[in-house]
Structure formats: structure tokens, C-alpha cells
Amino acid sequence: MPNRSESAIQFERVDYFVKDVHILKGITGSFPKGKITTLVGPSGAGKSTLLKLCNSLLSPRSGEIFIKGQKIDQFEPTDLRRLVGIALQSAPMISGSVYKNLALPLELQGKKLEMSEAKQLLRDVGLEDTFLPHKVTELSGGQRQKVSIARTLVNRPEILLLDEITSSLDRTSLKEIEELICNINRKYGTTIIWITHNLHQALAIGDFTWVMMDGEVIEMGESTLLEAPATEKVKRFVKGGAL
């Protein structure tokens, strides 16, 4: 894995607690710039907590996190959230049109989303720009997820955090979202950190993979590690995932 200067995000001995419960335990590792890293592991492993630490939605009890070589607490929160975007499984939307949802991140900064840019954002995620006036309640699950990703791309983040964004989609929509994320990675060089419960997906789209269990990173490396795990814990996990 890369050193701090070559990393999009670097964790150094990071611990996170909820009250007295030790959620993340001494996490050390790097997410390489411009690559797709998948996070896998059983429920309760700490994957979502780790993701939220990456853009200061949560703060560690101890240890240090670096974004592009700079300590995360040295960033202004608004600057950090523009640099590090996040898209969630639930794809939360505000009531109203697709355009209104796309425009929200800039409105919060006192800016306006130009119609030409809104159209390009939809094209970037594989939707026709005729969707702009549609109400979000009229969209399918896959279309909502694409709009959620497009909204995250409004600030053109260099790092994109994804939390189980395909887990509730049908197979066709899942494949479309996978292709979309891979295209964003190739077109813009966006660093992707993607939590997935789908081991086939992790292997197929990930350049690198972290396997997490009980708040620790058990193995990390190229995603092919899932085909030949080094530890018995990960071997059992992969076998249970029927890879």
C-alpha cells in the first residue's frame, strides 16, 4: 500500500469509541490515489464508521487521518466535504424535482447550478437530461441512486465514499451503477472507497480491498486476496460469502 504522500487517505493507529465500546481498533492503512478500494467484512465490523471518519462526519478518539498528506482536522468542514463526497445506500432525497436535488449542494454554498451543468451531470451518470423536471418520487431505485451520485459529483470531489449503494438494486441496475462508478474513476481519476457486502463485486471492481472484522483490518492488499486469503478468519468469511 502507498505511503502518506502517495495516498488519497491515510489512517495511522486510529481508534474510535462509542461511549466505552471500542468500535475501531488501531486502524493503519492507505487508500491509493485514483484507485478503487473496496471494504468488505461482516455486519458490525466497523466499515461504515471508518467511512464516516474519512470526511469528518465522525472524529477518532486517537490516531491521525491524513487527506492527500494533510491532517484531516486542518481542513475547513465545507472544504473537506467538497473534496471528499459520500453517497449512501438509502439515497436520501428532498421533495421536488431532480434538478432541485442536484442544485442543493451549491445552494447550501449560496451558489446556483447552471442548467447546462445539471444536464451534463445526468449524462455523466447515464440518465437523459429530460429527467431534470421529474419529481424524485417518480424515479426507480436505480434512477434515484444515479441522481444521488450525480448530486455528490456536483462539487467534483477527488475522493468518493460509497456505502452499500447497490445492495437494494436489481441485477440490471447494479451493473449500471458498477459501470458508472468505474467510468467516473477512469474519466476523472476519482479515488473510490466502496463498502460492499458483495464479494464478487469487490473482486470485480476493486483494485485493492480491505477485509474488516471486529473493528480491525484483518487483511489488505490487491483485491485478488479474496481468491487466496492469507488468514483462516478471512478464508472462512470468503467461503461464507460463496465467492
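What does the accessible surface of the chain come to, and what share of it belongs to carbon and sulfur atoms? After that, please zoom in on strand β1 (residues 7-18).

Reply: First, some ground rules. This is a predicted model, so local features need pLDDT of at least 70 and side-chain atom pairs count only at pLDDT 80 or more, while totals for chains, interfaces and linings use all residues. Residues are numbered from 1 along each chain as its sequence is written, and side-chain values use heavy atoms, with hydrogens and water left out.

Now the surface: the accessible surface of the chain is about 11,600 Å², and 48% of that belongs to carbon and sulfur atoms. Areas come from the Shrake-Rupley method with a 1.4 Å probe.

As for the fold, the chain has eight helices and 10 strands, which are DSSP runs numbered from the N terminus (helices: H or I, at least four residues; strands: E, at least two). The radius of gyration is 18 Å, close to the 18 Å the globule rule gives for 243 residues, so the chain is as compact as a globular protein of that length. That radius is taken over C-alpha atoms, and the rule is 2.2 Å times the number of residues to the power 0.38. Among contacts (heavy atoms within 4.5 Å) with a separation of 6 or more, 65% join residues 24 or more positions apart.

On to β1. This strand belongs to an open sheet of four strands, in the order β2-β1-β4-β5, with antiparallel pairing. The edges are β2 (21-32) and β5 (70-71), each pairing on one side only. Strands count as paired if DSSP finds at least two bridges between them; β1 and β4 (residues 62-67) share five, in the antiparallel sense. Across that pairing, F11 sits opposite I65 in β4.

Most residues other than glycine have a negative phi. R13 isn't a glycine, yet has a positive phi of about 55 degrees. R13 is found in β1 and is exposed, with a relative accessible area of 55%.

R156 is partly exposed, at 35% relative accessible area.

Methods:
Buried < 20%, exposed > 50% of the residue type's maximum accessible area, 1.4 Å probe, protein only.
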